[in-house]
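User: Could you walk me through how this one is put together? I'd like to start with helix packing and then move on to domains and chains.

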Amino acid sequence: MFDSITLGQYYQTDSVLHRLDPRVKLVGTFVYLISLFVVDSYVGYIVAALFLAAMIFLSNVPFRYIVRGMKTIVFLLLITVCFNLFLTPGEVIWQAWIFKITKEGLTFAIKMAVRLSLLILGSSIMTLTTTPTQLTDALESLLRPLKKLHVPVHEISMMMSIALRFIPILMEETDKIMKAQIARGADFESKNLIKKIKSMVPLLVPLFISAFRRANDLAMAMEARCYRGGEGRTKMKPLVYKANDRIAYLVLLAFAVVCILTRIYF
Amino acid sequence: MGIKVDDISFLYERGTAMQVTALDHVSAEIPDNQFIGLIGHTGSGKSTFVQTLNGLLKVTSGHIYYNGEDIDGDKFDKKKLRSDVGLVFQYPEHQLFEVDVISDVMFGPRNLGLSDAEAKKRALEALESVRMPKSLYKSSPFDLSGGQKRRAAIAGVLAMRPKILILDEPTAGLDPKGRDEILGLIAGMKKELNMTIILVSHSMDDVARYVDRIMVMGGGKLLYDDEPVKVFRHVTELEELGLAAPQITYIMKLLKERGLDVSSDALTVEEAAAEIMAHRRELHV
């Protein structure tokens, strides 16, 4: 039932990007997202799109698989485009009844759509090539300096990895309960909004109960293995930068510089 | 009339790298009023198979006919099918959600569009059939014991008055006493309510005692489909599938190998005992 949600789900294969240190990918994504807001010209967007295309090529993830995940956000994209298209004041180029499109609105809507698509594709490249565990490891390692300010870095990353780990489990559980209730005649496909909300009760109650049960079991299992936070905890696979990671940082730096240059010259 | 399964296949994650063939050209007929055991190792496709039978999963190829009508046909009423073919999932107690047991059992009949009075009547009957103590009708389903929860969940499906009842591993996670209770209950329901029951299990001992017919699945294929006695003659092949014949069959086989001329077809301890007693003259004791 949830087969279609591929947005940001790890895709198992072997590629240069998959082998990179997760910290590089996290920083890289961050730099990419910021640079999307730095560039403000068509040239800049072309540079960003080319960079992304290169990353997609390097990731070895089938393009079709990535695009399939985009389907879920088409709606969001459409709303944003409509708002920008119709509600930006400026020089009117088309008008019908209360709707009018302005020249500024048109350029703004196009830029916004491109920017949003690149944003989402860019961040999904990271999650497609990095397992949730690697990602939280990277986060913990990058945020380590904050520990001096008494930020519970380890606890935050532990919570994140548990939350991420539970997404597929809960999705499977939802699917199972849904099927069980459909077998009892429940109707989840009703178009009537009130009926639709009502039909969620037989799904959500068992789901919450099972989530609490699982949380309880997990807490018990962690206790049983003497888990007591990050104090003095070591890793089986500590993160170490290799040659490829250094090259990746240089590429990133070059990209960021190019982005800033387009901002200045175009 | 029953269900006719004609050459169905089912693929998970079709068209991706993770494609798995869960059902591989399965054909079978499920007539009215028969007690069927569906046996297979984990991942043999038995759960997928039963989910296709009431239209929860749409087959990738092939057809399923219920009373002669194709269940994937345009005019076919799936809701009717789901009330006629009741499916009790693994760990059915996880689907309980209402404030008390009786309302939970009434959920199914209500979905069929019945009046509250009629739904209640059916719920009471169903709870009676699963031998639920009357004192528990008004308690929260979450306060029941494991075995009671399971019986309440089975009642929830039974209250829809299915003509075919499918139970997917109804004894999973229960202790031996709970297991015997549930199995005894199912056998009793079969006699009382005259319906077809399909009991999905990986344990031959569970099934052998009660059923008229055994279907064995392995690797998405239907490998054997026959009377229990005949199926258990393939002990070696069953063992290769990670299954086993009932323990008593092994004892009888050993006795036969040691020279006692008993039939090794006995499925229950009682049958075996009678068979041995009939041959006791040969036992020079």
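Helix packing and interfaces

Analyst: Let's begin with a helix pair: α3(A) and helix α10 (residues 243-265) of chain A pack at an angle of about 165 degrees, with their axes 9 Å apart. Axes here are lines fitted to C-alpha atoms, for helices over the stretch in contact, and angles run from 0 to 180 degrees between N-to-C directions. Helices (H or I, at least four residues) and strands (E, at least two) are DSSP runs, numbered from the N terminus. This is a predicted model, where local features need pLDDT of at least 70, side-chain atom pairs count only at pLDDT 80 or more, and totals for chains, interfaces and linings use all residues. Residues are numbered from 1 along each chain as its sequence is written, chains are lettered from A and ligands numbered from 1 in the order in which they are written, and side-chain values use heavy atoms, with hydrogens and water left out.

User: Is α3(A) roughly parallel or roughly antiparallel to α10(A)?

Analyst: The cut-offs are under 35 degrees for roughly parallel, over 145 for roughly antiparallel, 65 to 115 for roughly perpendicular, and oblique for the rest. With an angle of about 165 degrees, α3(A) therefore counts, relative to α10(A), as roughly antiparallel.

User: Which residues of α10(A) make the contact with α3(A)?

Analyst: Contact means heavy atoms within 4.5 Å. On the α3(A) side we have A:Val43, A:Gly44, A:Val47, A:Ala48 and A:Phe51. Their partners in α10(A) are A:Val251, A:Leu252, A:Phe255, A:Val258 and A:Thr262.

User: How many residues of the contact of α3(A) with α10(A) are nonpolar?

Analyst: For the classes, Ala, Val, Leu, Ile, Met, Phe, Trp, Tyr, Cys and Pro count as nonpolar, Asp, Glu, Lys and Arg as charged, and the others, Gly among them, as polar. In the contact of α3(A) with α10(A), no residues are charged and 2 are polar. The nonpolar ones number 8.

User: Is the crossing of α3(A) and α6(A) left-handed or right-handed?

Analyst: The axes of helix α3 (residues 42-59) of chain A and helix α6 (residues 103-129) of chain A come within 11 Å and cross at roughly 25 degrees, and these two helices are therefore roughly parallel to each other. A crossing is left-handed if the near helix is turned anticlockwise from the far one by less than a right angle, and right-handed if clockwise. For α3(A) and α6(A), the crossing is left-handed.

User: And what about α7(A) and α8(A): is that crossing right-handed or left-handed?

Analyst: Helix α7 (residues 132-142) of chain A packs against helix α8 (residues 153-183) of chain A at about 165 degrees, axes 9 Å apart. That makes α7(A) roughly antiparallel to α8(A). The contact involves A:Pro132, A:Thr136, A:Leu139 and A:Glu140 of α7(A), with A:Met160 and A:Leu164 among the α8(A) residues. As for the crossing of this pair, it is right-handed.

User: What area do domain 1 and domain 2 of chain A bury between them?

Analyst: The assignment, automatic or from a database, divides chain A into domain 1 (1-130 + 240-266) and domain 2 (132-235). Their centres, taken over C-alpha atoms, are separated by 28 Å, and 12 residues of domain 1 are in contact with 11 residues of domain 2. Buried area is the accessible area (1.4 Å probe) that two parts lose on being put together, summed over both. With 79% of it on carbon and sulfur atoms, the area for these domains is about 1,100 Å².

User: Which three residues supply 68% of the area that domain 1 of chain B buries against domain 2 of chain B?

Analyst: Chain B has domain 1 (3-229) and domain 2 (246-285), with 35 Å between their C-alpha centres. Together they bury about 550 Å², 66% of it on carbon and sulfur atoms. On the domain 1 side, the 68% comes from B:Asp205, B:Arg209 and B:Val229.

User: Which three residues supply 38% of the area that chain A buries against chain B?

Analyst: Between the chains, 21 residues of chain A are in contact with 24 residues of chain B. The buried area is about 1,900 Å², of which carbon and sulfur atoms give 61%. On the chain A side, the three that supply more than any other three are A:Lys179, A:Ala183 and A:Arg184.
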